[in-house]
Amino acid sequence: AVVSQVRETDWLERKCVELGLIEAREVTTVEELFDLFVETKKLSWKSNTLYKWDSVTRKHIVDGLGQEKRIKDLTRSDADMLHLKLKTSSSKRTGKTLSPAHISKLMANARSLFKFAVDSELIARNIFDHIKRGSEQKPEERCYEVSKELIETIIEAAPSAEWRLLIAIWRWMGARKTEPLELKVTDIHHDASYTTINISDAKRQDDYGKPVVRKVPVFPEMESYLLDVLETLNEGSVWLFPSLRKHGRSIDKPFKDIIKKAGHEPWPAICNNIRATRANEIERIYGGALESAWVGHDPKTYRKHYSQVQEADLVRACTTGANMVQHGGASSGNVNLITKIPSKQSHVQEVARLFRSVQNSQVPPLGETQTVKTTGHSEDSQTTGAHMVQLDNLKALLASLDPDLLRKLLVEMLKE
């Protein structure tokens, strides 16, 4: 029993082996290496990380390479074959092929596993070090912007004050799925000018192994929901969400029912996309430093997994271009793309109208003259004057048209 406890701590085991107090473990197969790696790391891993390694990664990596395969006999070709095999594998849960992001993560885990073997001097080189890490960003079809208007209709359909506040914290504070469930009433701090909530980060830890605490402002959009919950709590209450804590990591399941009740279809990666939407908003409005402080992303992680083009970005880009023209900024032509196509179409239609009116008129051919009475304005002189005005207008419009567009217009009219 004592030896087992010693082996749970990597540096202690190595020291005892050096002193001859215990024998070095014989690790020869892929499965033995994997078991040693998990046993060494599990004390520093979150429970979810341990679960994923011990189930998903074990299935794909250990079974893919071969449980009884000797690690010293493996080559880069075996690594390449595993990589290819993963690209053609399907998920048992969904029946779909593994996504590039999932494959990239599995290969990164395999690289970490065999780096551990190299560091432990079990093998001479890492057979996965030549495989580049691919993109681990969500596929575009799984990205979804959760707008303010959408979340407000969902909050209205929520069955209780706790649910309304929970959804508001997800949306306006960008909290991870389970982080709000660990909030205590004492985590709320009031100042003369602002209110903040201390959120314990579910992933990041400080140098002492304790969760990093994010001091997040209570944004105006969620103030009323926070007050409603505080009014319902009894004096001496500890938890901010006493009735919702029981759901734990499954909190998204009843949340889907609320979304449906509001008349919407649940979107992919529900809580992750809410968080991504708010992360992008805060980054745009307050900058990357405050996005990291309030939402909890490392800048590299934000760019890699959460940075998205939002609808507001597109609207702002178009309106900014229009404002540049109004204020004399640099521009090439009409930058208002929303009105450009309709205006060009109406321009062509005006040319066609004038062209046909002149074509169907009785204007004398060039070189011929028309008698005009000098007493008064006859009907003939009025008609000729109108035609001349039409010709002048037509010339001006033709001069303003793009040559290629004009050529196409004339070809179509000649066909008629």
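The expected span of a helix is 1.5 Å times one less than its number of residues, and helices here (H or I, at least four residues) and strands (E, at least two) are DSSP runs, numbered from the N terminus. I note that the model is predicted, so local features need pLDDT of at least 70 and side-chain atom pairs count only at pLDDT 80 or more, while totals for chains, interfaces and linings use all residues. Residues are numbered from 1 along each chain as its sequence is written, and side-chain values use heavy atoms, with hydrogens and water left out.

Entry on the whole protein. I looked up the elements and found 17 helices and 3 strands. Of the 416 residues, 35% are buried, where buried means under 20% relative accessible area, exposed over 50% and partly exposed in between (1.4 Å probe, protein chains only).

Entry on helix α3. I checked residues 30-41, which form a helix of 12 residues reaching 17 Å from first C-alpha to last, close to the 16 Å expected at 1.5 Å a residue. Its buried residues are V30, L33, F34, L36, F37, V38 and T40.

Entry on F114. I found F114 in helix α6 (residues 100-119), and F114 counts as buried because its relative accessible area is 0%. Not counting residues up to four places away in sequence, F114 touches L33, L65, I71, L74, I123, N126, I127 and F128, a contact being heavy atoms within 4.5 Å.

Entry on the cores. I took a nonpolar core to be a set of buried Ala, Val, Leu, Ile, Met, Phe, Trp, Tyr and Cys residues joined through side-chain atoms within 4.5 Å. The largest has 46 residues, and those with the most contacts inside it are W163, M222 and F255. At least two of its residues come from each of α7 (148-157), α8, β2 (195-205), α9 (223-232), α10 (252-261) and α11, and the largest share, 10 residues, is supplied by α8. Leaving aside neighbours within four places in sequence, F255 is in contact with I154, W163, I167, W170, I270 and I274. Another core, of 31 residues, lies apart from the largest one and has V30, V62, L106 and F116 among its members.

Entry on α8 and α11. I looked up how helix α8 (residues 161-173) packs against helix α11 (residues 270-286), and the angle is about 45°, with the axes 7 Å apart; axes are lines fitted to C-alpha atoms over the stretch in contact, and angles run from 0 to 180 degrees between N-to-C directions. That makes α8 oblique to α11, since angles under 35 degrees count as roughly parallel, over 145 as roughly antiparallel, 65 to 115 as roughly perpendicular and the rest as oblique. The contact is made by W170, R171, W172 and M173 of α8 with C271, I274, T277, R278 and E281 of α11.
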